[in-house]
Amino acid sequence: MQSEMTCNVSEMWSPKMPNGLDLEITHHPLTMKRVVNLIIAMERLKGNVSESPRSTEFTDENLLNMLLESAVEERIVFERTATPAQYKYKFQNLYSVMDSEQRHLVRVPNSMELHAVMLQGGTGNCQVQLNMATYLPPTPSAEAVTVTLCIKDTNLYLSCHKEGDEPTLHLEAVDDKDSLLSITPGSDMVRFLFYKHVTGLNNSTLVSVPFSSWYISTAEENNKPVEMCQETTRRHRIFKFLQPNPEVDGGEC
């Protein structure tokens with residue numbers, strides 16, 4: 001099939017070549033981009049017949065100049081049509097979150113801090129539920145999903161940025177949620193983005209996008225703050241994301 005297509009293309013273009021030149025395709029163009037490059041080159045050859053030497057006087061330099069002109073033209077068109085790469089919002093889902101010790105995330109009353117707490121019976125309403133928004137990254141990856149994390153029924157988002165020498169975890173109020181629909185890499189807004197790496201059934205780690213070696217984690221002790229840590233730190237970095245119980249509202253306690 002490939003040799004048949006190659007022959008057909010050669011036969012189609014050969015009668016249109018300048019006098020003394022013939023077209024022979026030795027490798028089938030596998031992509032549309034290569035086909036377009038070939039057509040542009042042939043059109044330039046046709047358009048330059050009156051200016052170029054005829055027959056055996058047609059030099060390699062003439063052909064090279066035409067092909068280079070085509071390549072430069074294609075490059076200019078590509079640069080004019082390219083748009084800045086951004087993280088684009090796709091959709092969101094609501095989750096109940098526990099760490100690897102079966103502790104829920106709880107917001108400390110009248111504060112901007114989350115703790116990992118082993119809840120007792122009848123205290124389920126204390127747990128925080130998170131709206132996890134998924135984003136299409138500038139460079140798609142099969143290894144992780146890019147997300148933001150917002151406490152249900154609030155405008156409070158988890159963020160990671162430096163305070164002092166190390167990245168730290170924060171709860172930040174975002175008054176304009178539309179500002180998170182499209183995030184430019186390198187901008188200050190990437191502090192709200194995390195990579196969600198799946199490690200098992202419903203189990204994942206959450207890594208800061210701007211600080212890619214820092215994880216959201218919980219302490220070994222109960223009722224301690226949720227913080228950022230590196231992989232070598234003795235903290236729990238795996239979280240379980242579950243569909244929430246409709247009877248649990250989630251909130252402060």
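Me: How many aromatic pairs are counted here?
Reply: The count comes to 3 aromatic pairs, where rings of Phe, Tyr and Trp (its six-membered ring) pair if their centres lie within 6.5 Å, with planes under 30 degrees apart called stacked, over 60 edge-to-face and the rest tilted. One of them joins Tyr-89 and Tyr-135, whose rings are 6.0 Å apart centre to centre with 85° between the planes, an edge-to-face arrangement.

Me: And where in the chain do Tyr-89 and Tyr-135 sit?
Reply: Tyr-89 is in strand E1 (residues 87-99) and Tyr-135 is in strand E4 (residues 129-136), so this pair links distant parts of the chain, 46 residues apart. Strands (E, at least two residues) and helices (H or I, at least four) are DSSP runs numbered from the N terminus.

Me: Before I go on, what kind of model is this?
Reply: It is a predicted model, in which local features need pLDDT of at least 70 and side-chain atom pairs count only at pLDDT 80 or more, while totals for chains, interfaces and linings use all residues. Residues are numbered from 1 along each chain as its sequence is written, and side-chain values use heavy atoms, with hydrogens and water left out.

Me: Back to those tyrosines, is Tyr-135 buried or exposed?
Reply: Tyr-135 is buried, with a relative accessible area of 4%, whereas Tyr-89, at 32%, is partly exposed. Buried means under 20% relative accessible area, exposed over 50% and partly exposed in between, using a 1.4 Å probe and protein chains only.

Me: Which residue does Tyr-157 pair with?
Reply: Tyr-157 pairs with Phe-192, and because their ring centres are 6.1 Å apart and their planes stand at 75°, the pair is edge-to-face. Tyr-157 belongs to strand E6 (residues 156-163), while Phe-192 is in the loop between strand E8 (182-183) and strand E9 (194-200), so the pair ties together parts 35 residues apart in sequence. Tyr-157 is buried at 7% relative accessible area, and Phe-192 is buried at 1%.

Me: What does Thr-148 touch?
Reply: Leaving out residues up to four places away in sequence, Thr-148 touches Tyr-135, Tyr-157 and Phe-192, along with Asn-131, Met-132, Ala-133 and Leu-193, a contact being heavy atoms within 4.5 Å. Thr-148 lies in strand E5 (residues 145-151) and is buried, at 2% relative accessibility.

Me: Switching topic, which charged side chains lie over the face of a ring?
Reply: Lys-196 lies over the face of Phe-241, 5.6 Å from the ring centre, and Arg-237 lies over the face of Tyr-215, 4.7 Å from the ring centre. For this, NZ of Lys or CZ of Arg must be within 6 Å of the ring centre and within 35 degrees of the ring normal.

Me: How far apart are His-161 and Ser-208?
Reply: They are 47 residues apart in sequence and 8.9 Å apart in space, C-alpha to C-alpha. His-161 is found in strand E6 and is partly exposed, with a relative accessible area of 23%. Not counting residues up to four places away in sequence, the residues that His-161 touches include Glu-166, His-170, Arg-191 and Phe-211.

Me: What about the chain as a whole, how many helices and strands?
Reply: The secondary structure comes to 3 helices and 14 strands, and 36% of the 253 residues count as buried. Among contacts between residues at least 6 apart in sequence, 54% join residues at least 24 apart.
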